[in-house]
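User: I would like to go through the labels attached to this model and see what each one rests on. Please set every value against its definition.

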Amino acid sequence: MGGRDPNVVLLDENGKRSDGRTVNETRKVTIKAGVLKNANGSAYIEFGENKILAGIYGPRDVHPKHLSNPDTGILRCRYHMSPFSVGERKNPAPSRREVEISKVIKEALEPAVILDQFPRTVVDIFLEILQADGGTRCAALAAASVALADAGIPMRDMVSACAAGKVADTVILDVNNEEDQAGQADMPMGYMPNLKKITLLQLDGVLTPEEYKKCVEVGIDGCNQVYEIQKKALEEKYFSKGDQ
Amino acid sequence: MSKDKRYVIPGDIITTGPYRPEQNVILDGNKMIATCIGLSDITDGAVRVIPLTGRYIPKGDDLVVGKVISHSAMSWEVDINSCYLGILPASDVFGRDFSSHANDLTEKLSNGDLIAARIVNFDRTRDPLITISGRELGKIDSGELIKISTTKVPRLIGKRGSMIQMIEEATNANITIGQNGIIIASCENPDGLSKAIRAINMIEEDSHRINLTDMVKKMLESSD
């Protein structure tokens with residue numbers, strides 16, 4: 001994940017971060033819905049330097065059969081980093097880290113999707129990281145949620161995601177790769193903006209209780225910003241053509 | 001667009017108050033929440049969302065077009081473009097005196113055959129049961145296959161079949177519409193057939209427009 005520069009200034013005296021952002025600013029986020037023809041639903045997200053493709057298949061038959069549930073549909077998620085997504089070639093075999101992220105993304109989406117209308121089926125989520133720059137799990141979660149809506153899977157709410165963290169003893173929004181490596185804490189969050197519920201919360205680092213509260217607040221604010229962009233992406237695909 | 005009709009995405013609160021949640025709407029406290037992308041609609045105290053995307057869910061009495069993909073000793077399995085396979089029992093084709101020893105299922109329908117069928121029964125606990133006995137049902141021998149999104153099918157049919165009638169009359173084509181989004185069009189005149197296909201694709205493309213009927217009419221009346 002790139003070398004570490006010990007002389008990097010994470011927060012200068014003007015309150016600017018290493019990439020020129022202020023403490024409460026996310027990177028530039030763009031989302032496009034419906035980019036893959038062969039998938040039932042899809043989305044492409046650029047979250048700063050992160051580039052991620054999300055594809056949804058289903059609801060469809062479960063294979064292997066023993067995984068199917070006669071009461072409800074199930075969700076499966078595969079988060080995968082392309083060999084070329086990071087500086088040094090990444091072995092394409094699923095790593096411990098990818099298995100974990102697949103699991104947390106699946107569990108972050110489960111409270112949102114309503115699959116009891118499709119018993120004995122599965123909804124497959126494929127997340128392909130084309131380029132990584134810190135915060136891929138949040139970006140992938142945001143893209144997966146848009147792709148699920150694009151596939152027409154019933155959902156209680158969209159799931160948006162953004163990370164908060166701590167560098168130079170200051171709570172910041174949207175941690176990038178540099179800040180993740182050299183910073184003090186990284187806290188990715190998934191959030192359902194209308195239901196006001198958190199579906200994903202991880203924390204790597206040490207925070208005081210006050211800092212933790214501040215982090216949650218800042219993170220939710222970031223999620224709301226991402227939600228607006230998710231909304232725009234869906235509106236653009238479905239509601240923009242001509243008159244109504 | 002009227003006040004109670006608007007575009008929604010999952011999680012949007014359509015309205016609050018004493019309403020009844022119907023298609024694609026859930027009730028949370030007193031909030032009516034949309035669960036899919038679509039057009040919200042409030043009529044007679046019921047709130048629903050007309051979906052703009054999604055797969056076909058079988059419903060009793062629906063006409064569907066499907067492809068035979070395999071068979072067991074007692075039934076065929078039919079791909080009906082849904083998350084479930086359609087089950088066509090052999091006794092439906094061979095009659096009541098069907099015997100798995102005497103009759104060979106491939107005699108009547110083999111893998112890859114297209115059929116027009118009707119959903120007899122579907123309750124989600126088992127795969128949907130279909131039948132091909134009935135008028136306009138059975139094996140499809142000829143015609144052009146067109147696939148559209150299942151959410152656009154009601155628009156293609158129009159109010160009481162007005163849209164599809166208009167296309168059929170203008171082109172002399174015979175069009176079978178499956179509720180699962182698979183359409184078979186056949187016509188003796190190749191120009192009529194290509195025009196009918198153009199009209200269907202146009203409806204899929206521009207289904208959200210209010211003046212769609214006029215647009216299709218204009219296209220059908222044009223000479224090229």
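Analyst: What follows is a set of questions about labels, each answered from a value and a cut-off. This is a predicted model, in which local features need pLDDT of at least 70 and side-chain atom pairs count only at pLDDT 80 or more, while totals for chains, interfaces and linings use all residues. Residues are numbered from 1 along each chain as its sequence is written, and chains are lettered from A and ligands numbered from 1 in the order in which they are written.

User: Why is A:Thr208 called exposed?

Analyst: A residue is buried if 20 or more other C-beta atoms lie within 10 Å of its own, exposed if 12 or fewer, and partly exposed in between, with C-beta atoms placed from the backbone. A:Thr208 has 9 C-beta neighbours inside 10 Å, and therefore counts as exposed. Its place is in the loop between strand E10 (204-205) and H4 of chain A, where strands (E, at least two residues) and helices (H or I, at least four) are DSSP runs numbered from the N terminus.

User: What makes B:Asn24 buried or exposed, and which label does B:Asn172 get?

Analyst: B:Asn24 has 24 other C-beta atoms within 10 Å and is therefore buried; this residue is found in the loop between strand E3 (20-21) and strand E4 (25-28) of chain B. B:Asn172 has 14 C-beta neighbours inside 10 Å and so counts as partly exposed, and its place is in the loop between H4 and E15 of chain B. B:Asn24 has a positive phi of about 60 degrees although it is not a glycine, and B:Asn172 likewise has a positive phi of about 60 degrees without being a glycine.

User: How do you know on which side of H4(B) the buried residues lie?

Analyst: In helix H4 (residues 162-171) of chain B, the residues B:Met163, B:Ile164, B:Ile167 and B:Thr171 are buried. They cover an arc of only 95 degrees around the axis, which puts them on the same side of H4(B); the arc is that of the directions from the helix axis to the C-beta atoms. An α-helix has 3.6 residues a turn, so residues three or four places apart point the same way. On the other side of H4(B), B:Ser162 and B:Glu169 are exposed. The buried residues pack against helices H3 (153-157), H5 (190-205) and H6 (212-221) and strand E15 (174-177) of chain B, where contact requires C-beta atoms, placed from the backbone, to lie within 7 Å.

User: What residues make the contact of H2(A) with H4(A), and how do they divide by class?

Analyst: The axes of helix H2 (residues 136-151) and helix H4 (residues 209-238) of chain A come within 10 Å and cross at roughly 30 degrees. A:Ala142, A:Ser145, A:Val146 and A:Ala149 of H2(A) meet A:Val226, A:Gln230, A:Ala233 and A:Leu234 of H4(A). By class this contact has six nonpolar, two polar and no charged residues, where Ala, Val, Leu, Ile, Met, Phe, Trp, Tyr, Cys and Pro count as nonpolar, Asp, Glu, Lys and Arg as charged, and the others, Gly among them, as polar.

User: Why does the radius of gyration of chain A agree with a compact globule?

Analyst: The radius is taken over C-alpha atoms, and the globule rule is 2.2 Å times the number of residues to the power 0.38. With 244 residues, the rule gives a value near 18 Å, and chain A has 18 Å, so the two agree. Along its principal axes the C-alpha trace of chain A spans about 55 × 45 × 35 Å, and 46% of its 244 residues count as buried.

Conventions
Two residues are in contact if their C-beta atoms, placed from the backbone, lie within 7 Å. Axes are lines fitted to C-alpha atoms, for helices over the stretch in contact, and angles run from 0 to 180 degrees between N-to-C directions.
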